Amino acid sequence: MNFLPAACYTLSRFEKKQFCSTLAGVKVPTGYSSNIKSLVQMKDLKLINLKSHDCHTLMQQLLPVAIRGVLPKEVRNTIIRLCYFFNSICSKIIDPSKLQQLQDEVVVTLCLLEKYFPPAFFDVMVHLTVHLPREIKFCGPVWLRWMYSMERYMKILKGYVRNRHRPEGCIIECYIVEEAVEFCSEYLANARTIGVPKGIEERIESRSGFKVIPIDYKTLCEAHYYVLQNTTVVDPYMSKNEKWLQAEHKRSFSSWFKRKIETELAYPENTISQQIRWLAHEPKREVLSYSGYGIGGYYYNTRDHDSRSTTQNSGVMVEAESLHMSTAKDKNPIYANMLYYGVIEDIWELNYTYFKIPVFRCKWVDNKGGVKVDENGFTLVDLNKEGDPNDQFIFASQAKQVFYVNDPNGGRWSVVLTTKPKLYDRGDVCDNIEETPSFIRGLPESDDIDNEDVAYVREDCEGIYVEEDNTSRKKRKRT
(Lines give C-alpha, C1' and ligand atoms only; values in the text may rest on other atoms or scores of the structure.)
Protein backbone atom coordinates (compact mmCIF):
# COMPACT_ATOMS: atom_id res chain seq x y z
CA MET A 1 0.00 0.00 0.00
CA ASN A 2 1.30 3.42 -1.00
CA PHE A 3 0.11 6.60 0.66
CA LEU A 4 -0.73 9.54 -1.61
CA PRO A 5 -1.02 12.89 0.21
CA ALA A 6 -3.70 15.38 -0.78
CA ALA A 7 -2.69 17.76 -3.59
CA CYS A 8 -2.65 21.51 -3.00
CA TYR A 9 -5.91 21.95 -4.97
CA THR A 10 -7.81 19.33 -2.95
CA LEU A 11 -10.73 20.44 -0.78
CA SER A 12 -11.32 18.84 2.59
CA ARG A 13 -14.86 17.83 3.51
CA PHE A 14 -15.13 20.86 5.80
CA GLU A 15 -14.06 23.15 2.95
CA LYS A 16 -16.56 21.53 0.58
CA LYS A 17 -19.32 22.22 3.11
CA GLN A 18 -18.16 25.81 3.49
CA PHE A 19 -17.99 26.31 -0.29
CA CYS A 20 -21.45 24.83 -0.90
CA SER A 21 -22.97 26.66 2.09
CA THR A 22 -21.69 29.98 0.73
CA LEU A 23 -23.30 29.40 -2.66
CA ALA A 24 -26.49 28.04 -1.09
CA GLY A 25 -26.83 31.25 0.92
CA VAL A 26 -26.39 33.59 -2.05
CA LYS A 27 -29.42 35.71 -3.00
CA VAL A 28 -28.95 37.66 -6.23
CA PRO A 29 -31.00 40.53 -7.73
CA THR A 30 -33.90 39.88 -10.09
CA GLY A 31 -32.68 38.92 -13.56
CA TYR A 32 -29.06 38.50 -12.46
CA SER A 33 -29.02 34.70 -12.80
CA SER A 34 -31.05 31.66 -11.86
CA ASN A 35 -31.65 30.75 -8.22
CA ILE A 36 -28.15 29.69 -7.14
CA LYS A 37 -29.51 27.84 -4.10
CA SER A 38 -31.35 25.37 -6.34
CA LEU A 39 -28.06 24.44 -8.02
CA VAL A 40 -26.34 23.34 -4.80
CA GLN A 41 -26.82 19.84 -3.43
CA MET A 42 -25.71 19.89 0.20
CA LYS A 43 -26.17 16.14 0.69
CA ASP A 44 -23.53 15.17 -1.87
CA LEU A 45 -21.68 18.52 -1.67
CA LYS A 46 -21.75 19.27 -5.38
CA LEU A 47 -23.31 21.56 -7.99
CA ILE A 48 -26.05 20.18 -10.24
CA ASN A 49 -28.08 21.26 -13.29
CA LEU A 50 -25.79 24.12 -14.25
CA LYS A 51 -26.77 25.98 -17.41
CA SER A 52 -24.28 27.85 -19.57
CA HIS A 53 -25.26 31.24 -18.11
CA ASP A 54 -24.96 29.83 -14.57
CA CYS A 55 -21.36 28.85 -15.32
CA HIS A 56 -20.81 32.33 -16.77
CA THR A 57 -22.11 33.98 -13.58
CA LEU A 58 -20.14 31.68 -11.27
CA MET A 59 -16.90 32.17 -13.16
CA GLN A 60 -17.14 35.95 -13.37
CA GLN A 61 -18.56 36.90 -9.96
CA LEU A 62 -19.50 34.20 -7.44
CA LEU A 63 -16.65 31.65 -7.58
CA PRO A 64 -13.96 34.11 -6.35
CA VAL A 65 -16.16 34.91 -3.35
CA ALA A 66 -17.06 31.29 -2.56
CA ILE A 67 -13.39 30.18 -2.41
CA ARG A 68 -12.27 33.00 -0.12
CA GLY A 69 -12.12 30.74 2.92
CA VAL A 70 -10.76 27.58 1.25
CA LEU A 71 -7.58 26.32 -0.46
CA PRO A 72 -4.03 27.59 0.11
CA LYS A 73 -3.46 31.25 -0.67
CA GLU A 74 -1.36 30.64 -3.80
CA VAL A 75 -3.92 28.31 -5.42
CA ARG A 76 -6.80 30.58 -4.44
CA ASN A 77 -5.16 33.67 -5.95
CA THR A 78 -4.47 31.80 -9.18
CA ILE A 79 -8.15 30.90 -9.59
CA ILE A 80 -9.14 34.49 -8.78
CA ARG A 81 -6.76 35.73 -11.48
CA LEU A 82 -8.43 33.45 -14.04
CA CYS A 83 -11.89 34.69 -13.02
CA TYR A 84 -10.72 38.30 -13.25
CA PHE A 85 -9.46 37.66 -16.79
CA PHE A 86 -12.86 36.39 -17.96
CA ASN A 87 -14.58 39.27 -16.20
CA SER A 88 -12.34 41.73 -18.05
CA ILE A 89 -12.76 40.28 -21.55
CA CYS A 90 -16.57 40.26 -21.17
CA SER A 91 -16.70 44.02 -20.58
CA LYS A 92 -18.73 46.09 -23.02
CA ILE A 93 -15.84 48.51 -23.39
CA ILE A 94 -12.30 47.22 -23.82
CA ASP A 95 -9.37 49.56 -24.25
CA PRO A 96 -7.27 48.19 -27.16
CA SER A 97 -4.12 49.43 -25.45
CA LYS A 98 -4.84 47.08 -22.51
CA LEU A 99 -5.24 43.94 -24.60
CA GLN A 100 -1.52 43.26 -24.52
CA GLN A 101 -1.57 43.55 -20.73
CA LEU A 102 -4.45 41.05 -20.60
CA GLN A 103 -2.44 38.77 -22.89
CA ASP A 104 0.59 38.92 -20.58
CA GLU A 105 -1.54 38.37 -17.48
CA VAL A 106 -3.31 35.30 -18.84
CA VAL A 107 0.04 33.76 -19.78
CA VAL A 108 1.23 34.21 -16.20
CA THR A 109 -2.06 32.80 -14.93
CA LEU A 110 -1.72 29.66 -17.08
CA CYS A 111 1.84 29.20 -15.86
CA LEU A 112 0.56 29.33 -12.28
CA LEU A 113 -2.16 26.81 -13.14
CA GLU A 114 0.50 24.47 -14.58
CA LYS A 115 2.41 24.88 -11.36
CA TYR A 116 -0.41 23.74 -9.08
CA PHE A 117 -2.69 21.52 -11.20
CA PRO A 118 -1.93 18.14 -12.85
CA PRO A 119 -1.29 17.78 -16.62
CA ALA A 120 -4.70 16.14 -17.12
CA PHE A 121 -6.33 19.50 -16.30
CA PHE A 122 -4.89 21.15 -19.40
CA ASP A 123 -6.96 20.27 -22.42
CA VAL A 124 -7.41 22.37 -25.53
CA MET A 125 -10.09 24.58 -23.94
CA VAL A 126 -7.71 25.78 -21.23
CA HIS A 127 -5.06 26.53 -23.84
CA LEU A 128 -7.51 28.56 -25.96
CA THR A 129 -7.72 31.27 -23.29
CA VAL A 130 -4.29 32.47 -24.50
CA HIS A 131 -5.81 33.41 -27.87
CA LEU A 132 -8.87 35.29 -26.57
CA PRO A 133 -7.20 38.74 -26.29
CA ARG A 134 -5.95 38.40 -29.88
CA GLU A 135 -9.42 37.36 -31.01
CA ILE A 136 -10.91 40.45 -29.36
CA LYS A 137 -8.36 42.61 -31.17
CA PHE A 138 -9.56 41.31 -34.54
CA CYS A 139 -13.28 40.64 -33.92
CA GLY A 140 -14.32 43.11 -31.22
CA PRO A 141 -15.84 42.59 -27.76
CA VAL A 142 -16.97 39.12 -26.76
CA TRP A 143 -20.50 40.13 -25.75
CA LEU A 144 -21.35 40.97 -29.38
CA ARG A 145 -20.63 37.38 -30.46
CA TRP A 146 -21.72 35.08 -27.64
CA MET A 147 -24.71 32.76 -27.91
CA TYR A 148 -26.74 33.51 -24.77
CA SER A 149 -29.45 35.39 -26.69
CA MET A 150 -29.80 32.48 -29.13
CA GLU A 151 -30.02 29.98 -26.28
CA ARG A 152 -32.73 32.02 -24.58
CA TYR A 153 -34.72 32.19 -27.80
CA MET A 154 -34.37 28.44 -28.28
CA LYS A 155 -36.07 28.02 -24.91
CA ILE A 156 -38.98 30.14 -26.17
CA LEU A 157 -39.26 28.03 -29.32
CA LYS A 158 -39.20 24.80 -27.31
CA GLY A 159 -42.14 26.13 -25.29
CA TYR A 160 -44.21 26.30 -28.49
CA VAL A 161 -44.09 22.52 -28.95
CA ARG A 162 -47.38 20.80 -28.07
CA ASN A 163 -47.12 17.74 -30.30
CA ARG A 164 -43.77 16.02 -29.95
CA HIS A 165 -44.33 14.11 -33.21
CA ARG A 166 -44.58 17.41 -35.15
CA PRO A 167 -42.33 19.90 -33.33
CA GLU A 168 -41.56 21.99 -36.44
CA GLY A 169 -45.23 22.51 -37.23
CA CYS A 170 -46.00 23.55 -33.64
CA ILE A 171 -43.21 26.11 -33.66
CA ILE A 172 -44.32 27.56 -37.00
CA GLU A 173 -47.99 27.87 -35.97
CA CYS A 174 -47.25 29.48 -32.59
CA TYR A 175 -44.72 31.86 -34.13
CA ILE A 176 -47.24 33.03 -36.75
CA VAL A 177 -49.98 33.52 -34.11
CA GLU A 178 -47.67 35.54 -31.87
CA GLU A 179 -46.56 37.73 -34.79
CA ALA A 180 -50.20 38.35 -35.77
CA VAL A 181 -51.19 39.30 -32.21
CA GLU A 182 -48.24 41.66 -31.87
CA PHE A 183 -49.00 43.24 -35.27
CA CYS A 184 -52.64 43.89 -34.31
CA SER A 185 -51.72 45.26 -30.86
CA GLU A 186 -49.72 48.07 -32.49
CA TYR A 187 -52.97 49.53 -33.89
CA LEU A 188 -54.85 49.42 -30.55
CA ALA A 189 -54.10 52.08 -27.95
CA ASN A 190 -53.28 50.83 -24.44
CA ALA A 191 -53.88 47.23 -25.49
CA ARG A 192 -52.41 44.33 -23.56
CA THR A 193 -51.71 41.23 -25.59
CA ILE A 194 -53.30 37.95 -24.52
CA GLY A 195 -51.13 34.88 -24.29
CA VAL A 196 -47.90 36.78 -24.92
CA PRO A 197 -45.60 37.07 -21.86
CA LYS A 198 -45.05 40.52 -20.43
CA GLY A 199 -41.80 42.03 -21.66
CA ILE A 200 -38.89 42.25 -19.25
CA GLU A 201 -38.78 46.02 -19.72
CA GLU A 202 -42.29 46.21 -18.22
CA ARG A 203 -41.27 44.05 -15.26
CA ILE A 204 -38.13 46.07 -14.55
CA GLU A 205 -39.92 49.45 -14.67
CA SER A 206 -42.92 48.28 -12.60
CA ARG A 207 -44.04 49.00 -9.03
CA SER A 208 -45.57 46.71 -6.43
CA GLY A 209 -46.91 46.73 -2.88
CA PHE A 210 -48.58 50.13 -3.16
CA LYS A 211 -50.17 51.67 -0.05
CA VAL A 212 -50.68 55.11 1.52
CA ILE A 213 -49.16 55.57 4.97
CA PRO A 214 -48.74 58.59 7.29
CA ILE A 215 -45.23 59.38 8.55
CA ASP A 216 -44.10 61.43 11.51
CA TYR A 217 -43.31 65.10 11.02
CA LYS A 218 -39.60 64.80 11.89
CA THR A 219 -38.99 62.14 9.25
CA LEU A 220 -41.01 64.15 6.71
CA CYS A 221 -38.88 67.25 7.36
CA GLU A 222 -35.70 65.22 6.94
CA ALA A 223 -36.87 63.86 3.59
CA HIS A 224 -38.04 67.32 2.49
CA TYR A 225 -34.70 68.89 3.39
CA TYR A 226 -32.85 66.27 1.33
CA VAL A 227 -35.04 67.08 -1.67
CA LEU A 228 -34.30 70.80 -1.30
CA GLN A 229 -30.60 70.22 -0.78
CA ASN A 230 -30.27 68.11 -3.94
CA THR A 231 -32.52 70.05 -6.32
CA THR A 232 -30.74 72.29 -8.81
CA VAL A 233 -33.32 75.08 -8.85
CA VAL A 234 -32.90 75.55 -5.07
CA ASP A 235 -29.09 75.96 -5.23
CA PRO A 236 -29.18 79.81 -5.37
CA TYR A 237 -31.07 79.89 -2.08
CA MET A 238 -28.77 77.37 -0.47
CA SER A 239 -25.65 79.40 -1.26
CA LYS A 240 -26.98 82.39 0.69
CA ASN A 241 -26.88 80.44 3.92
CA GLU A 242 -23.35 79.01 3.88
CA LYS A 243 -22.44 80.94 7.02
CA TRP A 244 -24.93 78.99 9.09
CA LEU A 245 -23.78 76.05 11.07
CA GLN A 246 -24.59 72.79 9.33
CA ALA A 247 -26.92 71.49 12.03
CA GLU A 248 -28.80 74.78 12.34
CA HIS A 249 -29.00 75.06 8.58
CA LYS A 250 -30.57 71.61 8.32
CA ARG A 251 -33.05 72.36 11.07
CA SER A 252 -34.32 75.72 9.88
CA PHE A 253 -33.67 75.96 6.14
CA SER A 254 -37.03 74.49 5.08
CA SER A 255 -39.04 77.07 7.03
CA TRP A 256 -36.72 79.90 5.91
CA PHE A 257 -37.04 78.80 2.28
CA LYS A 258 -40.84 78.75 2.55
CA ARG A 259 -40.96 82.30 3.95
CA LYS A 260 -38.47 83.50 1.34
CA ILE A 261 -40.57 82.18 -1.57
CA GLU A 262 -43.78 83.61 -0.09
CA THR A 263 -42.09 87.01 0.15
CA GLU A 264 -40.94 86.90 -3.45
CA LEU A 265 -44.37 85.76 -4.66
CA ALA A 266 -45.87 88.93 -3.15
CA TYR A 267 -44.30 90.90 -6.00
CA PRO A 268 -46.33 90.69 -9.25
CA GLU A 269 -43.26 90.58 -11.47
CA ASN A 270 -41.59 87.63 -9.77
CA THR A 271 -39.81 84.91 -11.74
CA ILE A 272 -40.51 82.00 -9.37
CA SER A 273 -41.13 78.78 -11.31
CA GLN A 274 -43.95 76.38 -10.60
CA GLN A 275 -41.51 73.78 -9.33
CA ILE A 276 -40.01 76.12 -6.73
CA ARG A 277 -43.47 77.21 -5.58
CA TRP A 278 -44.49 73.68 -4.70
CA LEU A 279 -41.06 72.76 -3.31
CA ALA A 280 -41.37 75.65 -0.89
CA HIS A 281 -44.41 73.93 0.64
CA GLU A 282 -43.76 70.76 2.56
CA PRO A 283 -45.01 67.53 1.00
CA LYS A 284 -48.17 65.90 2.28
CA ARG A 285 -47.95 63.85 5.47
CA GLU A 286 -49.34 60.80 3.66
CA VAL A 287 -46.73 59.24 1.38
CA LEU A 288 -47.08 56.52 -1.22
CA SER A 289 -45.16 53.49 0.03
CA TYR A 290 -44.01 50.61 -2.19
CA SER A 291 -42.40 47.25 -1.52
CA GLY A 292 -40.98 47.12 -5.06
CA TYR A 293 -39.91 49.92 -7.39
CA GLY A 294 -38.28 49.90 -10.82
CA ILE A 295 -36.21 52.86 -12.01
CA GLY A 296 -33.11 53.42 -14.12
CA GLY A 297 -32.91 49.79 -15.27
CA TYR A 298 -32.87 48.43 -11.70
CA TYR A 299 -35.66 46.83 -9.71
CA TYR A 300 -35.53 47.50 -5.95
CA ASN A 301 -37.27 45.94 -2.98
CA THR A 302 -37.31 46.81 0.71
CA ARG A 303 -35.33 44.78 3.23
CA ASP A 304 -38.56 43.36 4.68
CA HIS A 305 -39.64 42.11 1.25
CA ASP A 306 -36.24 40.52 0.59
CA SER A 307 -36.43 38.58 3.85
CA ARG A 308 -39.43 36.71 2.39
CA SER A 309 -38.04 36.33 -1.14
CA THR A 310 -35.46 34.22 -2.96
CA THR A 311 -33.90 37.36 -4.49
CA GLN A 312 -31.99 40.30 -3.00
CA ASN A 313 -32.96 43.70 -4.40
CA SER A 314 -32.53 45.90 -1.34
CA GLY A 315 -28.77 46.57 -1.54
CA VAL A 316 -27.82 50.04 -2.78
CA MET A 317 -24.69 52.09 -3.37
CA VAL A 318 -24.44 55.83 -3.91
CA GLU A 319 -21.52 58.12 -4.71
CA ALA A 320 -21.81 61.33 -2.71
CA GLU A 321 -19.69 64.34 -1.90
CA SER A 322 -18.68 64.50 1.74
CA LEU A 323 -16.56 66.73 3.95
CA HIS A 324 -13.19 65.24 4.94
CA MET A 325 -11.14 66.49 7.90
CA SER A 326 -7.75 65.19 8.97
CA THR A 327 -8.38 66.07 12.65
CA ALA A 328 -11.14 67.63 14.72
CA LYS A 329 -9.22 70.93 14.64
CA ASP A 330 -8.60 70.91 10.89
CA LYS A 331 -9.33 74.41 9.54
CA ASN A 332 -8.99 73.43 5.88
CA PRO A 333 -11.44 70.59 5.28
CA ILE A 334 -11.88 69.33 1.72
CA TYR A 335 -14.81 67.89 -0.18
CA ALA A 336 -14.33 64.56 -1.98
CA ASN A 337 -16.52 61.88 -3.49
CA MET A 338 -17.02 58.71 -1.49
CA LEU A 339 -19.00 55.49 -2.00
CA TYR A 340 -21.66 54.66 0.57
CA TYR A 341 -23.27 51.23 0.95
CA GLY A 342 -26.60 50.48 2.55
CA VAL A 343 -29.92 48.63 2.55
CA ILE A 344 -33.33 50.02 1.59
CA GLU A 345 -35.73 50.18 4.51
CA ASP A 346 -38.61 52.06 2.82
CA ILE A 347 -39.52 53.21 -0.69
CA TRP A 348 -41.63 56.38 -0.69
CA GLU A 349 -43.04 58.85 -3.16
CA LEU A 350 -43.26 62.33 -1.65
CA ASN A 351 -46.40 64.08 -2.84
CA TYR A 352 -45.90 67.76 -3.74
CA THR A 353 -49.44 67.98 -5.21
CA TYR A 354 -48.37 68.69 -8.79
CA PHE A 355 -45.51 66.18 -8.90
CA LYS A 356 -44.14 63.27 -6.91
CA ILE A 357 -40.52 62.52 -6.02
CA PRO A 358 -39.44 58.90 -5.30
CA VAL A 359 -36.95 58.55 -2.44
CA PHE A 360 -35.33 55.62 -0.63
CA ARG A 361 -34.98 55.59 3.15
CA CYS A 362 -31.87 53.53 3.74
CA LYS A 363 -29.79 52.19 6.56
CA TRP A 364 -26.24 53.20 5.65
CA VAL A 365 -23.02 51.51 6.71
CA ASP A 366 -20.56 53.64 8.66
CA ASN A 367 -17.57 54.23 6.38
CA LYS A 368 -15.17 54.78 9.28
CA GLY A 369 -15.28 51.25 10.66
CA GLY A 370 -17.81 49.39 8.55
CA VAL A 371 -16.12 49.37 5.11
CA LYS A 372 -12.75 47.91 4.16
CA VAL A 373 -10.86 46.52 1.17
CA ASP A 374 -8.86 43.33 1.72
CA GLU A 375 -5.55 42.31 0.15
CA ASN A 376 -7.27 40.76 -2.89
CA GLY A 377 -9.29 43.89 -3.65
CA PHE A 378 -12.67 42.68 -2.34
CA THR A 379 -14.85 45.38 -0.79
CA LEU A 380 -16.32 44.21 2.53
CA VAL A 381 -18.96 45.93 4.64
CA ASP A 382 -20.31 45.39 8.14
CA LEU A 383 -24.06 45.83 7.82
CA ASN A 384 -24.41 46.01 11.61
CA LYS A 385 -22.39 49.24 11.83
CA GLU A 386 -24.93 51.95 11.13
CA GLY A 387 -23.90 55.38 9.91
CA ASP A 388 -25.53 58.74 10.64
CA PRO A 389 -29.21 58.02 11.50
CA ASN A 390 -30.13 61.60 10.54
CA ASP A 391 -28.97 61.18 6.95
CA GLN A 392 -31.07 58.33 5.56
CA PHE A 393 -32.60 59.54 2.29
CA ILE A 394 -31.50 59.50 -1.34
CA PHE A 395 -33.31 60.01 -4.63
CA ALA A 396 -34.32 56.76 -6.27
CA SER A 397 -32.52 57.93 -9.42
CA GLN A 398 -29.23 58.32 -7.51
CA ALA A 399 -29.02 54.71 -6.34
CA LYS A 400 -27.03 51.92 -7.93
CA GLN A 401 -27.88 48.35 -7.08
CA VAL A 402 -25.48 46.03 -5.26
CA PHE A 403 -25.94 42.79 -3.37
CA TYR A 404 -24.14 41.32 -0.41
CA VAL A 405 -22.70 37.83 0.10
CA ASN A 406 -21.72 36.64 3.56
CA ASP A 407 -17.94 36.41 3.81
CA PRO A 408 -16.94 32.70 3.87
CA ASN A 409 -14.15 33.57 6.29
CA GLY A 410 -16.83 34.11 8.92
CA GLY A 411 -17.49 37.05 11.15
CA ARG A 412 -19.82 39.97 10.56
CA TRP A 413 -18.48 41.04 7.14
CA SER A 414 -20.23 40.77 3.77
CA VAL A 415 -18.66 40.96 0.31
CA VAL A 416 -20.08 43.64 -2.01
CA LEU A 417 -20.92 42.65 -5.59
CA THR A 418 -22.27 45.12 -8.15
CA THR A 419 -24.77 44.66 -10.98
CA LYS A 420 -25.52 46.33 -14.32
CA PRO A 421 -28.77 48.19 -15.13
CA LYS A 422 -31.11 46.71 -17.70
CA LEU A 423 -32.06 49.59 -19.98
CA TYR A 424 -34.65 49.22 -22.73
CA ASP A 425 -35.94 51.42 -25.52
CA ARG A 426 -39.25 50.52 -27.17
CA GLY A 427 -38.85 46.92 -26.23
CA ASP A 428 -35.25 46.61 -27.42
CA VAL A 429 -32.13 46.48 -25.35
CA CYS A 430 -30.26 49.79 -25.38
CA ASP A 431 -26.52 50.01 -25.84
CA ASN A 432 -25.81 50.59 -22.18
CA ILE A 433 -22.13 51.36 -22.58
CA GLU A 434 -20.46 50.79 -19.26
CA GLU A 435 -17.97 48.37 -17.82
CA THR A 436 -18.95 44.95 -16.56
CA PRO A 437 -18.71 45.37 -12.77
CA SER A 438 -15.66 43.62 -11.41
CA PHE A 439 -15.71 41.68 -8.17
CA ILE A 440 -12.34 43.14 -7.10
CA ARG A 441 -10.55 46.45 -7.60
CA GLY A 442 -7.32 44.96 -8.90
CA LEU A 443 -5.55 41.79 -9.92
CA PRO A 444 -3.93 39.66 -7.18
CA GLU A 445 -0.16 39.75 -7.18
CA SER A 446 1.79 37.00 -8.96
CA ASP A 447 5.01 37.17 -6.94
CA ASP A 448 4.81 33.44 -6.20
CA ILE A 449 5.45 32.37 -9.81
CA ASP A 450 9.16 31.84 -9.04
CA ASN A 451 8.62 30.91 -5.40
CA GLU A 452 10.05 27.45 -4.79
CA ASP A 453 8.84 27.26 -1.19
CA VAL A 454 5.22 26.64 -2.19
CA ALA A 455 3.80 23.41 -0.75
CA TYR A 456 2.34 21.18 -3.46
CA VAL A 457 0.64 18.86 -0.97
CA ARG A 458 -1.77 19.61 1.86
CA GLU A 459 -0.99 18.23 5.27
CA ASP A 460 -4.32 19.42 6.68
CA CYS A 461 -6.32 17.15 4.34
CA GLU A 462 -6.60 13.38 4.41
CA GLY A 463 -4.71 11.49 1.72
CA ILE A 464 -5.53 8.12 0.19
CA TYR A 465 -3.87 4.70 0.17
CA VAL A 466 -3.33 3.08 -3.23
CA GLU A 467 -2.61 -0.60 -3.65
CA GLU A 468 0.38 -1.18 -5.90
CA ASP A 469 -0.13 -3.30 -9.03
CA ASN A 470 1.51 -6.76 -8.72
CA THR A 471 2.64 -6.81 -12.37
CA SER A 472 4.58 -3.62 -12.02
CA ARG A 473 6.19 -4.95 -8.83
CA LYS A 474 7.44 -8.09 -10.63
CA LYS A 475 8.90 -6.04 -13.46
CA ARG A 476 10.88 -3.95 -11.00
CA LYS A 477 12.29 -7.08 -9.36
CA ARG A 478 13.50 -8.45 -12.72
CA THR A 479 15.29 -5.26 -13.56
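Author: Helices (H or I, at least four residues) and strands (E, at least two) are DSSP runs, numbered from the N terminus. This is a predicted model, in which local features need pLDDT of at least 70 and side-chain atom pairs count only at pLDDT 80 or more, while totals for chains, interfaces and linings use all residues. Residues are numbered from 1 along each chain as its sequence is written, and side-chain values use heavy atoms, with hydrogens and water left out.

Reader: How many helices and strands are there in the protein chain, and what percentage of its residues count as buried?
Author: The protein chain holds 15 helices and 21 strands. Buried means under 20% relative accessible area, exposed over 50% and partly exposed in between, with a 1.4 Å probe and protein chains only. Of the 479 residues, the share that counts as buried is 39%.

Reader: In which helix is S88 placed, and is S88 buried or exposed?
Author: S88 has its place in helix α3. Contact means heavy atoms within 4.5 Å, and, leaving aside neighbours within four places in sequence, S88 is in contact with I94 and L102. Because its relative accessibility is 15%, S88 counts as buried.

Reader: At what angle do α3 and α6 pack, and which word describes that arrangement?
Author: Two packed helices are described by the angle between their axes and the distance between the axes. Axes here are lines fitted to C-alpha atoms, for helices over the stretch in contact, and angles run from 0 to 180 degrees between N-to-C directions; under 35 degrees counts as roughly parallel, over 145 as roughly antiparallel, 65 to 115 as roughly perpendicular and the rest as oblique. Helix α3 (residues 73-89) and helix α6 (residues 132-139) have axes 11 Å apart and pack at an angle of about 5 degrees. That makes α3, relative to α6, roughly parallel.

Reader: How far apart in space are I136 and L99?
Author: I136, in helix α6, counts as buried because its relative accessibility is 7%. Leaving aside neighbours within four places in sequence, I136 is in contact with I89, I94, L99, P141, V142 and R145. I136 and L99 are 37 residues apart in sequence, and their C-alpha to C-alpha distance is 8.2 Å.

Reader: How many degrees lie between the ring planes of Y226 and F395?
Author: Rings of Phe, Tyr and Trp (its six-membered ring) pair if their centres lie within 6.5 Å, with planes under 30 degrees apart counted as stacked, over 60 as edge-to-face and the rest as tilted; the count comes to 13 aromatic pairs. Y226 and F395 form an edge-to-face pair, 5.4 Å centre to centre, with planes at 75 degrees. The pair links distant parts of the chain, since Y226 is in helix α10 (residues 217-229) and F395 in strand β15 (residues 393-395), 169 residues apart. Both Y226 and F395 are buried, and the angle between their planes is 75 degrees.

Reader: Where does N49 lie, and what is its phi?
Author: Most residues other than glycine have a negative phi, and most peptide bonds are trans. N49 lies in the loop between β4 (46-47) and α2, and is exposed, with a relative accessible area of 58%. Its phi is positive in a residue other than glycine, near 55 degrees.
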